[in-house]
Amino acid sequence: MGENETCLCEPTDILVYTCSGGSNVGQIANQAAINLSNDVQEAKFSCLAGIGGHRSGIIESAKAAKKLVAIDGCPVQCAKKTLEHAGFGADVYLVVTDLGIEKSPQLIADESDTEAVVEKLKKEIIGDEDQG
Ligand code: SF4
């Protein structure tokens with residue numbers, strides 16, 4: 001595979017999965033996963049749909065990862081349940097509505113709400129890393 005053919009689903013240390021749901025909180029979860037992937041060197045956005053679809057390469061990447069991060073928009077927990085269905089648990093897990101962000105049908109990821117999610121996850125991920 002050439003350099004330009006590398007997918008974000010390649011094995012890496014920390015894989016980030018998000019429900020990417022059809023609501024403001026689902027979109028905040030999605031944008032937070034993007035920002036985390038951009039901001040934290042070891043973290044990479046990965047494909048939850050590939051886990052749900054039992055795609056072998058994506059399952060193997062999850063198996064090879066040092067840590068799995070899951071972000072759900074609301075307590076329905078679609079990302080967490082999808083990972084569990086494939087036999088995985090999230091090492092770091094966050095539900096956006098747990099931060100007091102109310103769910104609405106608008107597909108808008110509020111910037112400050114997204115930042116709050118990213119900062120909380122960074123503390124958990126980097127805090128864990130610092131402690132070995
Ligand atoms: S966790 Fe909530 S926001 Fe995310 S996909 Fe499921 S129902 Fe939608």
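Two strands pair if DSSP finds at least two bridges between them. Helices (H or I, at least four residues) and strands (E, at least two) are DSSP runs, numbered from the N terminus. The model is predicted: local features need pLDDT of at least 70, side-chain atom pairs count only at pLDDT 80 or more, and totals for chains, interfaces and linings use all residues. Residues are numbered from 1 along each chain as its sequence is written, and side-chain values use heavy atoms, with hydrogens and water left out.

**Fold**

The protein chain holds five helices and four strands. Read from the N terminus, its elements run β-α-β-α-α-β-α-β-α. Of its 132 residues, 42% are buried (under 20% relative accessible area, with a 1.4 Å probe, protein chains only).

**Sheet**

What is the order of the strands in the open sheet? The order is β2-β1-β3-β4, with parallel pairing. β2 (43-45) and β4 stand at the edges with a single partner strand each, so one side of each has no neighbour in the sheet. On average, neighbouring strands of this sheet are turned by 20° against each other, direction ignored. Strand β1 (residues 14-18) runs parallel to strand β3 (residues 67-72), and five bridges join them.

Contact means heavy atoms within 4.5 Å.

| Helix | Lies across | Angle |
|---|---|---|
| α1 (residues 24-39) | β1, β2 and β3 | about 135° to β2 |
| α4 (residues 78-85) | β1, β3 and β4 | about 140° to β3 |

**Ligand shell**

Which residues surround the ligand? They are Cys19, Gly21, Ser23, Asp72, Gly73, Cys74, Val76, Gln77, Cys78 and Lys103. The shell divides into four nonpolar, four polar and two charged residues. In this scheme Ala, Val, Leu, Ile, Met, Phe, Trp, Tyr, Cys and Pro count as nonpolar, Asp, Glu, Lys and Arg as charged, and the others, Gly among them, as polar.

**Serine 104**

Serine 104 sits in the loop between β4 (92-95) and α5 (111-130). Leaving aside residues up to four places away in sequence, serine 104 touches Ser23 and Asn24.

Key. Near = heavy atom within 4 Å. Axes fitted to C-alpha atoms, helices over the stretch in contact; angles between N-to-C directions. Buried < 20%, exposed > 50% of the residue type's maximum accessible area, 1.4 Å probe, protein only.
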